[in-house]
Amino acid sequence: MYLLGLGLIVAYLIGSVSSSVWIGRIFYHKDVRQYGSHNAGTTNTIRTLGLAPGIVVLVVDAFKGWLAVRLDFLFLTEATLHLRVYFDVALAVAAVLGHVFPVYTGFKGGKGVATLMGVVLAVYPEAFVASVLIFTLVFVLTRYVSLASILAATAFPFLEIFLFRQTEPALRFFSVFIGLFIVITHRKNIGRLLHGKESKLSFNKKKGESGE
């Protein structure tokens, strides 16, 4: 069982790779957490550093969520193979917590949207496509990244359970967790949306006040 514990630590450490912070510091001599929304996420990177580094951050953060789950085979044995579904969920949670509370950069990270995208791709590939379509549609119509993230996340458990007929209890529970987690991490954005103070994402400027 110690291998499973080691796997959770590795997943957390992978999730803790704050690509936005490191890219900002190395290539732009900036800590994105000191600008805009003060989050180490994709949207704030776009606002602070520009579109190109923002896309890199999105890809890296999504990849680390996917990688943390897909490395499960390194820690499973014949004796623990029957726990794979539960272990994958635990790995996913560890990676997301690493992103939000990264050990390498003072436990101050992002809101977990991109990392959750990678996790969902690894665990729920069909629902991933549907969620990305919802996010894209809402963003194109509104230009609010936060609103698109919230609606895609809250729709996700319904898609997984009712549309794609997920029957595994652990995966059902985790899909609900994902929706609640994004709502909780975006609670300040929700307040700004309700009061009409949320900033829309513009690719023509680098700084703003809200985002992932």
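Reader: Let's start with one residue. Which helix is Leu6 in?

Author: Leu6 sits in helix α1. Keep in mind that this is a predicted model.

Reader: Why is Leu6 called partly exposed?

Author: Its relative accessibility is 38%. Buried means under 20% and exposed means over 50%, so Leu6, at 38%, counts as partly exposed.

Reader: And what does Leu6 form together with residues such as Trp22 and Phe107?

Author: A nonpolar patch on the surface, which includes Leu6, Trp22, Phe101 and Phe107 and has about 1100 Å² of accessible area together. Members of a patch need over 30% relative accessible area, and Leu6 has 38%. Helices α1 (2-15) and α2 (19-28) each supply at least two of the patch residues. The largest share, four residues, comes from α2.

Reader: Back to α1: what makes Leu4 buried?

Author: Leu4 lies in helix α1, and its relative accessible area is 11%. The cut-off for buried is under 20%, so at 11% Leu4 is buried.

Reader: Which residues does Leu4 touch, leaving out those up to four places away in sequence?

Author: Leu4 touches Phe75, Leu76, Thr80, Leu83 and Phe87. Phe135, on the other hand, is 34 Å from Leu4, C-alpha to C-alpha, and 131 residues along in sequence.

Reader: Now α2. Which residues of that helix are buried?

Author: Ser19, Ser20, Val21, Ile23 and Gly24 are buried in α2. Their cover includes α3 and α4 (51-70). Just after α2, His29 takes a positive phi of about 55 degrees.

Reader: Where is Asp31, and is it buried or exposed?

Author: Asp31 is in the loop between α2 and α3 (42-48). Its relative accessibility is 11%. Since buried means under 20%, Asp31 counts as buried.

Reader: What does Asp31 touch, not counting residues up to four places away in sequence?

Author: Val21 and Arg25. Asp31 and Val21 are 10 residues apart along the chain, yet their C-alpha atoms are separated by 5.6 Å. The Asp31 side chain also makes a polar contact with the side chain of Arg33 at 2.9 Å.

Reader: How do you know that Asp31 and Arg25 form a salt bridge?

Author: Their closest N and O atoms are 3.3 Å apart. A salt bridge needs an Arg or Lys side-chain nitrogen within 4 Å of an Asp or Glu carboxyl oxygen, so the pair qualifies. Arg25 itself, at 41% relative accessibility, counts as partly exposed.

Reader: How many salt bridges does a search of the whole structure find?

Author: Seven. One of them joins the side chains of Asp61 and Lys64, at 3.5 Å from N to O.

Reader: Why are Asp61 and Lys64 separated by about one helical turn?

Author: Because they are three residues apart in helix α4. In general, an α-helix has 3.6 residues a turn, so residues three or four places apart point the same way. Asp61, at 0% relative accessibility, counts as buried. Lys64, at 4%, counts as buried too.

Reader: What makes Arg70 and Asp88 a salt bridge?

Author: Their closest N and O atoms are 3.9 Å apart, and the limit is within 4 Å, so the pair counts. This pair links distant parts of the chain, with Arg70 in helix α4 and Asp88 in helix α5, 18 residues apart. Arg70 is partly exposed at 25% relative accessibility, whereas Asp88 is buried at 10%. Salt bridges that share partners join Arg70, Asp72, Arg84 and Asp88 into one network.

Reader: Last topic, then. Which residues touch the most other members in the largest nonpolar core?

Author: Val119, Val123, Tyr124, Phe174 and Ile178, out of 21 residues in that core. Helix α6 (113-123) is one of the helices supplying at least two residues, and α6 gives the most, with six. Leaving aside neighbours within four places in sequence, Tyr124 is in contact with residues including Phe156, Leu171, Phe174 and Ile178. There is also a second, separate core of 11 residues, with Ile14, Leu76, Phe87 and Ala94 among them.

Terms used: Residues are numbered from 1 along each chain as its sequence is written. This is a predicted model: local features need pLDDT of at least 70, side-chain atom pairs count only at pLDDT 80 or more; totals for chains, interfaces and linings use all residues. Side-chain values use heavy atoms; hydrogens and water are left out. Patches are made of residues with over 30% relative accessible area and no salt bridge: like charges are joined within 9 Å, nonpolar side chains (Val, Leu, Ile, Met, Phe, Trp, Tyr) within 5 Å. Accessible areas come from the Shrake-Rupley method with a 1.4 Å probe; for residues, only the protein chains shown count as cover. Buried means under 20% relative accessible area, exposed over 50%, partly exposed in between (1.4 Å probe, protein chains only). A nonpolar core is a set of buried Ala, Val, Leu, Ile, Met, Phe, Trp, Tyr and Cys residues joined through side-chain atoms within 4.5 Å. Contact means heavy atoms within 4.5 Å. A polar contact is a pair of N or O atoms within 3.5 Å; within protein, one must be able to donate a hydrogen and the other to accept it, and residues adjacent in sequence count only if both atoms are side-chain atoms.
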